[in-house]
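Q: Before we look at any single feature, could you take me through how to read a model of this kind, starting with what it means to call a residue buried?

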Amino acid sequence: MMKKRRISASEASLVLFLCQMISALDVPLDSKLLEELSQPPTITQQSPKDYIVDPRENIVIQCEAKGKPPPSFSWTRNGTHFDIDKDAQVTMKPNSGTLVINIMNGGKAEAYEGVYQCTARNERGAAISNNIVIRPSRSPLWTKEKLEPNQVREGDSLVLHCRPPVGLPPPIIFWMDNAFQRLPQSERVSQGLNGDLYFSNVQPEDTREDYICYARFNHTQTIQQKQPISVKVLSTKPVTERQPVLLTPTGSTSTKVELRGNVLLLECIAAGLPTPAIRWIKEGGELPANRTFLENFKKTLKIIDVSEADSGNYKCIARNTLGSVHHVISVTVKAAPYWITAPRNLVLSPGEDGTLICRANGNPKPSISWLANGVPIAIAPEDPSRKVDGDTIIFSQVQERSSAVYQCNASNEYGYLLANAFVNVLAEPPRILTPPNKLYQVIADSPALLDCAYFGSPKPEIEWFKGVKGSILRGNEYVFHDNGTLEIPVAQKDSTGTYTCVARNELGKIQNEVQLEIKDPTMIIKQPEYKVIQRYGQVSFECIIKHDSTLLPTVIWLKDNEELPDDERFLIGKDNLTIMNVTDKDDGTYTCIVNTTLDSVSASAVLTVVAAPPTPAIIYARPNPPFDLELTGQLERSVVLSWIPGDENNSPITNFVIEYEDGLHEPGVWHYQTEVPGTQATVQLKLSPYVNYSFRVIAVNKIGRSQPSEPSEQYLTKSATPDENPANVQGIGSEPDNLVITWESLKGFQSNGPGLQYKVSWRQKDVDDEWTSVIVANVSKYIVSGTPTFVPYEIKVQALNDLGYAPEPSEVIGHSGEDLPMVAPGNVQVYVINSTLAKVHWDPVPLKTVRGHLQGYKVYYWKVQSLSRRSRRHIEKNILTFRGNKTFGMLPGLEPYSSYKLNVRVVNGKGEGPASPDKVFKTPEGVPSSPSFLKITNPTLDSLTLEWGSPTHPNGVLTSYILKFQPINNTHELGPLVELRIPANESSLILKNLNYSTRYKFYFNAQTSVGSGSQITEEAVTIMDEAGILRPAVGAGKAMASRQVDIATQGWFIGLMCAVALLILILLIVCFIRRNKGGKYPVKEKEDAHADPEIQPMKEDDGTFGEYSDAEDHKPLKKGSRTPSDRTVKKEDSDDSLVDYGEGVNGQFNEDGSFIGQYSGKKEKEPAEGNESSEAPSPVNAMNSFV
């Protein structure tokens, strides 16, 4: 008898197990064996026990089974046979037991409600499925109820009841407001497990009218909404604080039953002010770690995967600063049946014994019942080889007729378990499943495992021989495993050879040969050594290996057990690693790892980098070009190129660049082929078919690139079919009824041979059509005509030449041509935001009517007329484009008080669709623009005539004009501001009773009902009195506005003015004489005698106007000028000159002798208002004198 030993865990992973007496559900047999062996049915897939039907989809009750011969299927419904042939809505899938009940075309889900069970049967037995309960999902509407508003005092508790409709499955509850925003929840406000919304205490911010409870039914994808609930919080001062009271659960104790494996949810919600905090404990124990979670602001205790050990009393405690309250929940964990030992399939030989064991547990303990081929075992056909003993069936001396499928049912009040297990009695001669002449390769001195996977019934005996006629293997140097594997613990060179496995039972004998080869181990015969290198130097580590000649080694270098840095300074050669221009960061441990398919070895060395000593100056230059290029090893797709490097000129060669010329397709043009490290002078180059190659090499160092080497000899590769297909294949229609297929043509050398062509194929996507193909040449575009408008197509372009086709190309999706959209956007709405801005909304058009790629929407809008002028003008349409599927946009830059029209059009790649009906909207009034002009004419002693033009853009109905004016004295100070309101229909005005020889500044603007527009300013001067005597500054007269005839145009007035001019000339001569004598003329004396004490500098912070430059500055008025730091105005002696009265050096005489003051100051944007001035009339008097 062969000696056997126990298999270690590490050895077991290498062994192929084949069960013999008792087989698992999936017997590990190969496919050919499964096709030959008979097997009772096994249920492989079935629907869940509780199947809730989605009414929007057909009912699919799954039942899949395997067996040999293939099983047939039948169904029962509510315990009786279900004849599917009598119901046109019910079909069974071919080669399957799966039922499809068509409720989408007339059938009703409610008509098929019930309990279904599937039976799979063949000549060796019958397997049955679970009882599958079919129930249609339900999402009933909310019952109508009248909801009274909730009025509650601040600080009181409140519960808003949801009471959702009972659905199948139960709905998911959540609270939202009218804007579909979730209501915020907190420790004070939260949703209970029953869906109600609990307020521990209400606050004024809880007042709202849109507390809405929503119920979402996932199976039907519907959401039901309860009527909004109104809550009004009545404020009370002070708010009374209260100790906690439980809102749910009520009372001091309650009970809870949960099933094993489910999630236990316990809830406590308390009222009180301040808001109570919740704490959970388990009486007499701890809450289970890693399975306990506190949710809903610690109001919900969640324990997952509960077991009987989680039964007990759980206490929740609600506490605030005034006290506490608690509730005890007694939890009992029951259990539906669960397996301890589920029955497993038996594969027996005739005359053998076996057992089926079915053990389950639960709370209460489940009862066990057996069925045979779906029939209770008590009434099933008798089998003398079986005996039922509670949860066990004992088989003895089985025969082939004993084959059957047994069902074990374990049930209690909370559920049931049903398991199928077959007994398959087989009489089969031995079979060896290991492939014949399988080759095993093992490194010398390592264990060798030779497989002999087998099958037979009865179980065969296994023997091993070495050589075709060798003796049976025995002894301690071999280990024989139960699954037939032969183990040689220490394989030596002499273990190489042929091994024969023989399997025999009473029904026959079979043998199989396998081959064993022993390989030499891989060794590193020259390991890398410790190196010390100067900074910026070069270092090499050697790693020379010896290996079995039949094994191909691969060498990997690591630095500090990680991949080498991605740095061109690291050069890996066949037997070494070279590091160029060493830096400090290259310090570390370098490891050489050699791998073959059978073994792996490694060796390491340390590199230390030290500072480099100073070196003399060296002249660096580009390397000389390589020479003596040679081609060897010519193959169809590769060639070996070698060369001799030129002088590196004191700068090491870092790499060589190899270029090629295609003398057949592109003579004279050199292309990049590859590059290799500077330590390498040979390379194997990959070649393409049908190319006449020449090669040249360029050396590169840090200084630059060498000149190219002389070209190598030419090498013409053989033709072949194309390796690749055209890239960038696209399908885009240029017209509504075509599809333009384009691609990037292959380059010459990519053709791989003569006669390059393209096979263009297309078919409409999602339509069961055959491919349509055409072969073209010398083009990169093909147009398919007669296509439907904008439909997707599957497209592929395949290259071919005289030798054949390229590999099958990948498919791309294109679209036939676009056409203009068919439908205009609907429900266009305009919302006017202000007088210059509006917002437009529209409904998106259905995508199927776009007939192309949706690019966006265009809004056309134009001004129809101004509501103030009632005059039409040339219509200039404005266009705004909104990209994508946007459904609103803003219209800026509108003109106030105007009537506009707009329409919206959808845009695709072809163009614009039809316009929506024109939508009319109007903009409200705005403030007007400034009057178009302001002219001041006909100056007299005490009057000025103002003429103006209406605003260019009234922007509404003008209600009036506002005129403000004020005098300016000779020190550029501003006098009191007078304001007049003028009717909107006026265009001129005469101001009378003004001071003579006085400069006035005017501010003029128009008004609508919205407000005042921007103003314009002008300045003018009244002429000088004929007598040359100044009137008193105070009470000098009242300014009057008159629309009477201007006296300045009368003849007598002109004569009077000439006399006045003559008198002024005489006065000037007298003043000149008096001044030369050092005296003062009477006017100056009078002015000094009657100096107005009220002339004081105006303060900036009390709203008066600031100081302007004095007469010696002659600077224009500037807004915001300030008084001196000492807040006084300098008064200097008079110069006895009329310059002081004529506004400085700019004063001039007209030909008639009248004096006109020309003032060159800038226009003011805002009037500076003053209360007092010695040189201007009172604004009250001016208003009283207005006619």
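A: A residue is called buried when its relative accessible area is under 20%, exposed when that area is over 50%, and partly exposed in between. In this predicted model, Arg124 has a relative accessible area of 12% and is therefore buried. Taking the protein as a whole, buried residues make up 44% of its 1187 residues.

Q: Where does Arg124 lie, and which residues is Arg124 in contact with beyond its neighbours within four places in sequence?

A: Arg124 belongs to the loop that links β9 (114–122) to β10 (125–128). Setting aside neighbours within four places in sequence, its contacts include Ser38, Gln39 and Pro40, as well as Glu400, Ser403, Asn424 and Leu426. With one of these residues, Asn424, the contact is also polar, side chain to side chain, at 2.9 Å.

Q: Asp520 is also in a loop; is Asp520 buried or exposed, or something in between?

A: Asp520, in the loop between β46 (508–519) and β47 (523–526), has a relative accessible area of 35% and so counts as partly exposed. Apart from residues up to four places away in sequence, Asp520 touches Ile443, Lys493 and Asp548. The side chains of Asp520 and Lys493 make a polar contact at 3.1 Å, while the C-alpha atoms of Asp520 and Asp548 are 5.0 Å apart although 28 residues separate the two in sequence.

Q: How should the confidence of the prediction guide my reading, and where does pLDDT stay under 50?

A: Where pLDDT is low, the predicted coordinates should not be read in detail. The mean pLDDT of this protein is 83, and 84% of its residues reach 70 or more. In residues 1–28, however, pLDDT stays under 50, and the model has 50 contacts beyond four places in sequence for that stretch. Residues 1026–1045 also stay under 50, with 55 such contacts in the model.

Q: How many helices and strands are there, and what share of the contacts join residues at least 24 apart?

A: The protein has 5 helices and 88 strands. Of its contacts between residues at least 6 apart in sequence, 67% join residues at least 24 apart. As for the surface, the protein exposes about 61,700 Å², of which carbon and sulfur atoms supply 51%.

Q: What is the strand order in the open sheet of 4 strands?

A: The order is β75-β74-β77-β78, again with antiparallel pairing. Its edge strands, β75 (878–883) and β78 (919–922), each pair on one side only, and neighbouring strands are turned by 25 degrees against each other on average, direction ignored. Strand β77 (residues 898–907) is joined to β78 by 4 antiparallel bridges, and the bridge partner of Leu902 in β78 is Lys919.

Q: Which strands are joined to β66 by bridges?

A: Strand β66 (residues 757–764) runs antiparallel to β69 (residues 792–801), with 8 bridges between them, and Val760 has Val797 as its bridge partner in β69. Strand β66 also runs antiparallel to β67 (residues 772–776), with 5 bridges, where Tyr758 stands opposite Val776.

Q: What should I look for in the backbone angles?

A: Most residues other than glycine have a negative phi, and most peptide bonds are trans. In this model the peptide bond from Lys68 to Pro69 is cis, with omega near 0 degrees, and Pro69 lies in the loop between β4 (63–68) and β5 (72–77). The bond from Asn363 to Pro364 is cis too, with omega near 5 degrees. Asn373, in the loop between β32 and β33 (375–376), has a positive phi near 55 degrees, and its relative accessibility of 24% makes Asn373 partly exposed. Asn649 likewise has a positive phi, of about 55 degrees, and is found in the loop between β58 (638–644) and β59 (655–662).

Methods:
Residues numbered from 1 in each chain as written. Predicted model: local features only at pLDDT ≥ 70, side-chain atom pairs only at ≥ 80, totals over all residues. Heavy atoms only, no water. pLDDT = per-residue confidence, 0-100. Contact = heavy atoms within 4.5 Å. Helix = DSSP H or I, 4+ residues; strand = E, 2+ residues; numbered from the N terminus. Buried < 20%, exposed > 50% of the residue type's maximum accessible area, 1.4 Å probe, protein only. Areas by Shrake-Rupley, 256 points an atom, 1.4 Å probe, with all protein chains shown as cover. Pairing = 2+ DSSP bridges. Axes fitted to C-alpha atoms, helices over the stretch in contact; angles between N-to-C directions. Polar contact = N/O pair within 3.5 Å; in protein donor to acceptor, adjacent residues only side chain to side chain.
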